[in-house]
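Thanks for coming. Please have a look at the structure on the screen before I start.

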Amino acid sequence: MTTAVQEPSRTARISIDRRWNTPIGVAIALVVAYLLLVIAAGPQAQDQFINALTIGGVYALIALGYTMVYGIIELINFSHGEIFMVGSFVCWWLLTTLGFSGAITDPLVLIPVLVLTFVVSMAVMGVVGVVIERLAYRPLRNAPRLAPLITAIGVSFILQNLVFVGISNSIVTIPQIIPNPELHIGPINIRLINLFVIVLAVSLMFALQMFISRTKLGRAMRSTAIDREAAQIMGVNVNSTIALTFFIGSALAGAAGVVQGLYFGVTVFNIGFQNGLKAFTAAVLGGIGNITGAAIGGFVIGFIEVLASAFGYGRWSEAAVFATLVLVLVFRPTGILGQQLADRA
Amino acid sequence: MSRLDALRTRSARPRTFLGGHQSLSVFLFAIAITVLLPVIATLPPFSGFGTQKDWVNGFADAGVYILLALGLNVVVGFAGLLDLGYAAFFAIGAYTYAYGNSGFTGLDIPFWPMLIVGALVAATFGILLGAPTLRLRGDYLAIVTLGFGEIVPVVFLNSDKYTNGTNGITGIGQPSIYGVFGINGFGFTNPWPYYITIVVIITIVVCLLYRLEDSRLGRAWVALREDELAAASMGINTVTTKLLAFAIGASTAGLAGVFFSSKLSSVTPDSFGFTVSFTALAMVVLGGMGNIWGVAAGAFIVYELQTQGLKQLNTFAHSIGLQNVDFTNYQYLLYGLALVLMMLLRPEGLFPSRRRRRELHETPAEDELTAADPTAGVAA
């Protein structure tokens with residue numbers, strides 16, 4: 001008789017925002033953010049704006065993984081931040097093993113090295129994500145919801161401690177292989193690395209959008225997120241679809257880890273927790289399950305941080321992000337794009 | 001039907017082996033433990049690991065974590081609200097005592113009333129931080145509490161003017177029992193008064209918790225945990241029930257905080273990070289969510305293993321020639337493995353509550369059948 005209790009209808013789904021007014025909203029938000037930065041930072045406004053876009057790109061890439069996993073199996077994947085952290089260590093390992101120590105000026109060397117770094121890190125982290133799903137989450141798919149959440153915390157401890165013991169217990173410097181000239185594109189002055197990161201983040205996001213909305217596997221993913229059993233009846237291999245979701249999400253976090261390494265030049269074993277939490281905030285901000293929302297949310301978090309610093313409250317930037325998280329969840333749990341109903345009691 | 005059976009068994013079971021309520025057995029058990037632990041510490045092999053004084057000091061520190069685990073158990077185990085920012089209330093209790101009795105504020109309020117004040121202040125914050133989360137459920141609640149848990153230490157860290165920032169507040173007064181048994185102030189060199197104090201605090205808390213568990217409120221928590229909608233339609237006020245869980249859980253952390261800061265004589269923001277929350281959670285999960293004595297035992301075992309066990313493993317490894325191994329570095333790896341394995345193999349914990357064990361081992365027969373099909377297809 002106990003199974004008679006109905007599952008509450010699933011609410012978070014993998015979706016893509018297609019409304020016509022979203023781009024307009026984003027454009028207005030960007031203008032407002034720029035004006036605020038002009039007030040706060042004056043002549044540095046442009047630099048800060050680009051800085052926010054870059055940091056936001058990293059958060060957005062991590063947030064996509066959170067939102068996809070939550071969309072498909074309703075699990076806050078606590079270990080996702082650690083995947084990002086390990087990704088940055090893969091970048092460090094690869095670049096130091098290849099013997100690079102500074103900027104590579106020859107584009108014929110730089111481009112293959114960059115491609116290699118991203119491909120390796122994304123592939124490794126994707127596989128790690130799938131393995132974690134197989135070992136720690138899949139056996140608990142029908143368990144009470146607290147159970148996989150606690151294993152996720154456990155996995156996050158394990159990854160963090162393995163890096164702490166196996167690689168380094170302090171900050172690690174990553175070779176800055178991208179040369180650093182300032183480009184002048186019209187009135188905009190932008191450093192090459194910032195341009196690279198922003199373009200990369202945005203193109204990865206578009207690729208993901210295309211994948212989810214246009215391909216067969218993407219459709220399988222969306223249908224699994226809506227109703228697992230129905231999808232199975234229609235011939236979707238649910239297990240491999242969920243594994244694929246973990247692969248893509250973790251690969252994106254791996255890419256974010258490489259970006260972290262290339263842009264900031266440092267990483268440390270406990271970087272994943274706070275960044276993961278911020279990225280999760282981004283996912284919630286955009287409406288969990290909503291791919292477009294997670295991307296936008298990531299940039300919003302980037303701007304919140306940069307604005308807090310620009311207004312002289314740099315030490316409070318983390319508190320500002322978490323306060324945003326709390327406020328959004330309490331007052332608008334559906335996120336800023338707000339088209340789905342979030343899970344409220 | 002088995003859940004119903006579980007409820008019947010529970011209400012019909014003989015209350016204690018000594019009659020009346022459980023308090024008397026708790027008292028007797030506490031006295032036995034209080035005497036036994038220091039005695040065991042003097043026996044080999046434990047005597048080889050440290051002097052009795054060191055052990056007793058360690059037991060007093062373990063008591064702080066036992067209190068934390070007991071309080072978190074109310075929120076997570078009884079009411080089923082996953083709180084990942086529990087250390088915030090620990091911090092609030094500790095800073096409350098630091099304000100009440102240190103050179104920083106110039107106040108000199110004695111330890112004993114401050115124990116109550118710390119618990120009350122923490123409970124107030126429990127309600128304040130709990131109130132906005134009432135509408136949230138499950139993992140959203142976990143994330144919001146995690147956010148609070150991160151914000152509170154940041155606030156203590158950054159409000160230099162009021163908290164002395166990174167350096168924290170030092171010179172916090174020690175408890176005193178005004179010359180009874182010839183003891184005035186508790187000293188750093190003598191762990192015994194602290195040991196007795198924490199045992200007394202834990203005993204009282206455990207008695208109260210056992211009573212709460214069987215009270216109307218305790219049953220309301222269980223109902224809420226199992227099915228919020230059904231609980232609400234049976235007339236349970238979910239708002240006050242949840243807030244009371246937060247408040248009572250937080251007040252226990254407040255007690256722990258007051259004791260912690262008085263024993264250490266200083267508070268710094270970095271003692272209250274998320275690792276404290278997660279350690280307490282690991283203790284609750286390992287001990288057996290919902291089972292009071294199980295959680296306390298789990299906390300004690302985890303604490304002793306992490307402080308003494310890993311140290312002894314090191315000594316052992318060094319004695320057999322493995323000089324470079326340091327097991328204390330693997331603390332969180334072990335926590336992580338323990339959490340994962342526990343959830344996979346024995347989700348009810350080491351010492352499960354009767355109800356939890358029934359739930360996890362008797363009902364899911366039908367679920368297992370349906371779950372087995374798709375996985376079997378893939379594994380083949």
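This is a predicted model: local features need pLDDT of at least 70, side-chain atom pairs count only at pLDDT 80 or more; totals for chains, interfaces and linings use all residues.

Residues are numbered from 1 along each chain as its sequence is written, and chains are lettered from A and ligands numbered from 1 in the order in which they are written.

First, the helices, which are DSSP runs of H or I of at least four residues, numbered from the N terminus. In chain A, the axes of α1 (residues 21–41) and α11 (residues 291–310) come within 10 Å and cross at roughly 10 degrees. Axes here are lines fitted to C-alpha atoms over the stretch in contact, with angles from 0 to 180 degrees between N-to-C directions. α1(A) is therefore roughly parallel to α11(A), a term for angles under 35 degrees. Among the contact residues are A:Val26 and A:Leu37 of α1(A), and A:Ile296 and A:Phe303 of α11(A); contact means C-beta atoms, placed from the backbone, within 7 Å.

Next, the chains. In contact are 45 residues of chain A and 43 residues of chain B. On the chain A side, α5(A) supplies the largest share, 15 residues.

Last, A:Phe196, which sits in helix α6 (residues 192–214) of chain A. A:Phe196 counts as partly exposed because it has 17 C-beta neighbours inside 10 Å; buried would take 20 or more, and exposed 12 or fewer. From A:Phe196 to A:Ile178 the C-alpha distance is 9.2 Å, and they are 18 residues apart in sequence.

Notes
Helices (H or I, at least four residues) and strands (E, at least two) are DSSP runs, numbered from the N terminus. Angles under 35 degrees count as roughly parallel, over 145 as roughly antiparallel, 65 to 115 as roughly perpendicular and the rest as oblique. Two residues are in contact if their C-beta atoms, placed from the backbone, lie within 7 Å.
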